[in-house]
Amino acid sequence: MALKIPQIGLNTMLKDGYKHMQGLDEAVYRNIAATRELSQITRTSLGPNGRNKMVINHLEKLFVTNDAATIIKELEVIHPAAKLLVGASQQQEAEMGDGTNFVVVFAGELLQQAEYLLKMGLHPSEVIDGFEVAVKKSFEILQTLSVHTLENAHSKSDLVALVKPAIASKQYGYEDLLAELVASAALEIMPKNASQFNVDSVRVVKIMGGSIHDTAVVKGMVFGREAEGIVTKATNAKIAIFTCPIDVSLTETKGTVLIHNAKEMLNFSKGEESKLEEVVKQIADAGVKVVVTGSGCGELALHFMNRYGIMVVKVLSKFDIRRLCKVVGATALTRMGAPTPEEMGFCEFVESVEIGSDRCTVFRQDGESTKTATIVLRGGTTNAIDDLERAIDDGVNVIKAAVKDGRLVPGAGAAEIELARQLTSFGERTAGLNQYAIKKFAEAFEVIPRTLAENAGLDSTEVLSRMYASHHANNISTGVDVEGEDNSVLDASKSGIYDLLVVKQMAIKLATHAACTILSVDQIIMSKPAGGPKAPQQSKGEEMDD
C-alpha cells in the first residue's frame, strides 16, 4: 500500500476552483496594470478636445460619449481592483456630479508612480504613508489657490461663467448656448436661500428634430404626449391628479349577473354609465378643469370628460407624477371621485403644443415663481441629444456644489501644476522615505495638463515646461491653451476658466483613497464563479459572415 503524502499549502484548505495570488508580482503589479488599462480608456476623453467612445452595452444599446461616468457605468468592469476605481468615480458622480474622469485618470497615474517606487525597493506601506502625507498637504495648498468666489447665486452672468467650463469639457463649441440655458433654468427655480437649490427641479425633455439652437427653457413641466380628449387647452385651471385608472370601477371578486330580458340589459349598462357620469359631474362641479391620470382612461370616462369640458392628460411615470404634484401643489389621489379643495392643485396655463413633429403637453406657471423648469432639448440623433443631456446634467450639478461652497480655483490644468510645484518643494524638505512618495504624488498631478495638451494636439513636454516657468514667476493661473497653435499657455482666470475647489478636493481625496486601498492588497483569493457551464461562444469567422 502506497503512502499518501498530504499536500501542504493554502489550496488544501479551500475548495477546488479557488485561485490564489500573492506578492508584488502576482497581486500588486497585476492590480496596477488593470487600473492603468481602465484609466487609459477614459484619459483620452479628458477636457474640451476629449475623444468620444463608442460603447455597446449588454442590451446592444449604443452610447457615443466622452462622459467618463457613462463610459465606466456601461463597461461592466469585473476586475476587482479596477472595480475599486469604478466605485470611487461613481461616488464622485453621486456627490458632486462632475470630476469623474479626474478621479480615474489621477488614481491610475498615482498607481503607475507607485509601481516605480515599489520596483525601486520601497515597501507598499511606506508608499501609502507618503501618499497620505501628500494628500493632506495638497488640501492645504488647494485652499490657498482660490482666485474667485461665486458671490451672487441669483446673478445670471455669475452662473454662466461658473457653468461654462464644465459644459465645455463635454460639448466644446456649444458651451455658450448651453450655459445660458442651464443658468436660465437654475434661476427659475433658485430659492431665496441658494444653498437649498435642488437639482431635481431642473428637468430635461428630449424631442427629436430641429437643431440644438431650437432648444428652449420652459417654466413648469413638459410631457412628451398630447392630451387624451378633445380639450387641449386650459387657463387658470384647478387640477386633480389620480394614480388610479379613470374608468368604471371593477370589483376584486368575480360576480355573475342574471339578466332575464332586454330591458334589464339596458338598465344594467345605463346604471354603469350614470354612476360614472355622476362621478365625472362631481369632479366638474368641484371646479376641476384638468385631470391627470397615472394609469389608463376608459373611453366612456373620456366621453364624459369631453362633455364636461375637462382636459385629460396621461402621465405614466410615477416619478413625473410626484414632480407634477410638487409643481401644481396637488395631492395624488388613489380613489376615483371629487377632490377636496386641499387636494386640488392650480396651474395658470396647461396646453398641448407641437414641438417639432411631436405633440407635447406643457404645464406653465407664469405668474408666480415656479418650482420646476424644463429644458426642451432638440437635436438630430438620439445619441447627440443624450450627450447634450449629460452636459446639462453636469452644469446643473456644478451649480448645486457652488451654492454650498463657491470658491473657485484656476482651471485648464493651472491648479494641478501649482499643486505639483509646491508639493515637490515640500517633498524635498521632508526627511525619511516619505519624500520619495510625496514627490511621485506631486508628479502624478502633471497627468491632467499633459493629457489636456495631448488631446488638443499640442507638444505636452513644451507646454508643461512653459507652465512651470510661468508658475515659478508666481503666475498661479497659467494653464493650457487648447486653442493655441504654437504650444502656448494662457491665464485661466482672465479667460474665465475655473474649477470648483470643493469638486477638485473631493476628486483628489477619492482617487488617493482608491489608490492606497489597491496598494494595501498583497493577496487575491478568488472562489470559483457560481453557475453552470457557459453557452458555447460563436467564432469570429461566423460573426463576420453574419
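On a 1 Å grid over the protein atoms alone, a pocket is an open set of points with protein on both sides within 12 Å along at least five of seven lines, while a cavity is a set where a 1.4 Å probe fits but cannot get out; lining residues have an atom within 4 Å of a point. By that rule, 45 residues line the largest pocket, and P165, A166, S169, I497 and D499 lie nearest its centre.

Before going on, some bookkeeping. This is a predicted model, where local features need pLDDT of at least 70 and side-chain atom pairs count only at pLDDT 80 or more, though totals for chains, interfaces and linings use all residues. Residues are numbered from 1 along each chain as its sequence is written, and side-chain values use heavy atoms, with hydrogens and water left out.

The largest pocket holds about 1000 Å³, a volume being the space filled by probe spheres set on grid points that are joined across faces, edges and corners. Helix α6 (156–168) gives the largest share of its lining, six residues. Helices and strands here are DSSP runs numbered from the N terminus (helices: H or I, at least four residues; strands: E, at least two). Other elements that each supply at least two residues to that lining include α4 (100–119), α7 (175–189) and β18 (498–500).

**Overall build and cores**

The protein chain has 17 helices and 19 strands. Of its 546 residues, 48% count as buried, where buried means under 20% relative accessible area, exposed over 50%, and partly exposed in between (1.4 Å probe, protein chains only). Taking contact as heavy atoms within 4.5 Å, residues 24 or more positions apart make up 76% of the contacts with a separation of 6 or more.

A nonpolar core is a set of buried Ala, Val, Leu, Ile, Met, Phe, Trp, Tyr and Cys residues joined through side-chain atoms within 4.5 Å. The largest one has 106 residues, and I399, F441, I508 and L519 touch the most other members. Helix α16 (residues 501–519) gives the most to this core, with 12 residues. Apart from it lies another core of 22 residues, among them M221, V231, A237 and V315.

Which helix holds K504? K504 is found in α16, and its contacts beyond four places in sequence are F102, L142, V409, A415, E416 and D499. N236 sits in strand β8 (residues 233–242), whereas A412 is in the loop between β15 (407–410) and α12.

| Residue | Relative accessible area | Class |
|---|---|---|
| K504 | 8% | buried |
| N236 | 48% | partly exposed |
| A412 | 14% | buried |
| C347 | 0% | buried |
| C325 | 11% | buried |

With a disulfide taken as a pair of cysteine sulfur atoms within 2.5 Å, the count comes to zero.
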